[in-house]
Amino acid sequence: MVKILHAADFHLDSAFGSLSEERARQRRQECRQLVGRLVDYANDHGADLMLLPGDLFDGERVYAQTAEELASELGRFHGGVIIAPGNHDPYTHRSPYARVLWPENVHIFTQNTMERLDFPQYGCTVYGAAFSAAESAEPEEFAAEGDGVKILVLHGEVGSAGSRYRSLTTSWLERTGVDYAALGHVHEHRGVQHAGAVAYAYPGCPEGRGFDELGDKGFLFGTVDTDRVDLQFVPFARRRYELLTLDVTDADAAQLAADALRGREEDIVRLVLTGQVDAAPDTNLLTQQLAAFCWQLEVRDETRTRQDLWRGCGEDSLRGLFLQNLREEYDRADAAGRAAIEQAVRFGLAAMENREL
C-alpha cells in the first residue's frame, strides 16, 4: 500500500486578466505559495508519493522565480514527486522543466512515450509520459508489469474522442492494468471512477481562476493498494470563485446582498440581481457598499423594471379584457388575495407576450 497526494493543473503565473493588476499579482503569489502548503500537508500526513500530472505552469514563459520556487518547495517533500508535463507546460528545451535544477526526489517524465519509475521502498511502480508539444495524439498501448502497486501519471482527456490533448478511452485505461491512474487536464473533481478494475480520477485544479471554476478546489489524498483505492477530496483553495443569484423583488437589495455575502470574506464573488424592481439598482453604489464582505466583488444587474400591471385595463383587446376581469376581483379582494391576483396577472401577461416571467 502506498500513500499518495494527487494534484494537478496549478497553472502557475496565470494572467488573472479579470482582476486589477495589483490583485492579479497577489493571486499569482498566492498560487505560488500553494505548492509549499501542499508539501506541508503531504509531509504532515505521511504521504509517500506526490503525483502531479501536468499543467503546473500556465505556459512555457514563466517568471524564473516561479520555477525555482516550485523546485525548492518540492525538494522539501519527504517522499518522491512525479511530474507528467501537460499541454500548457510540455517538456521542451525551452520549458521551465529543462531550465531549472530539480531536487533528487523530483522525477519528471520527458518523453511522449511511456516511461517507468520504480519505488521499491514503497512497493510501487509508476508509469507516465509527457506532452512534448502543445498537442498530443492518443497514447501508445502498454501493460503494467510486476508485483506491487502500479500507478499511471498522465495528462489527458477521458471520453473526448479526437481530442488534441491526448484522448484517453476507458478501454485503454482498463488494458493498462494499473491499480490507479492519476490524471490531469480536467479542472473539476468528479470522484474516483473505474475502467474495469482500474481506478482513475481527476483532482481538478487546486485554485480557481475564473467564474468557470466555481466552488471548492483542492486535491486527492489517500492510499492505493493492489485491491483497493481509498482517496478523499481535500478542499484547499486560498480563495473560491462564487456565483450568487438574488431575487430582489420587493426587497432591499443592499441588505439582501449583505446577508448572502456573510462568511465569504476571502472569496471572489459575482452577484447577479434578478426580479422585478421599480427602478434599476445602482450597481456601482452596491459594489462600494458591499466591498468589505468579500475579497473581490462584481455586481451584475439582470432585474426587470416593473411595469404598471393594469396598463391597458378596459381597452378593446385581449389584454384589456383579461385585465378588466381580474381588476374587478382585485378590487374586492383582501391583501393576500390581491397578491395572488397580481401574480396571476404577471403570469398571464408573460404568456400573452411570449416572454419569461
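## Cysteines, cores and a buried serine

The sulfur of Cys205 has its closest cysteine sulfur in Cys31, 9.4 Å away, which is too far for a bond. A disulfide here would need two cysteine sulfur atoms within 2.5 Å, and the structure holds zero of them. Bear in mind that this is a predicted model, where local features need pLDDT of at least 70, side-chain atom pairs need 80 or more, and totals for chains, interfaces and linings use all residues. Residues are numbered from 1 along each chain as its sequence is written, and side-chain values use heavy atoms, leaving out hydrogens and water.

Here are some relative accessible areas, where buried means under 20%, exposed over 50% and partly exposed in between (1.4 Å probe, protein chains only).

| Residue | Relative accessible area | Class |
|---|---|---|
| Cys31 | 3% | buried |
| Cys205 | 2% | buried |
| Ser136 | 8% | buried |

Now for the cores: sets of buried Ala, Val, Leu, Ile, Met, Phe, Trp, Tyr and Cys residues joined through side-chain atoms within 4.5 Å. The largest nonpolar core has 39 residues, and Leu74, Ile83 and Trp102 have the most contacts inside it. Leaving aside neighbours within four places in sequence, Ile83 is in contact (heavy atoms within 4.5 Å) with residues including Leu52, Leu74, Trp102 and Phe109. A second, separate core of 22 residues includes Phe109, Cys124, Val126 and Leu231.

As for Ser136, its side chain makes a polar contact with that of Asn112 at 3.3 Å. That term covers a pair of N or O atoms within 3.5 Å; within protein, one must be able to donate a hydrogen and the other to accept it, and residues adjacent in sequence count only if both atoms are side-chain atoms.
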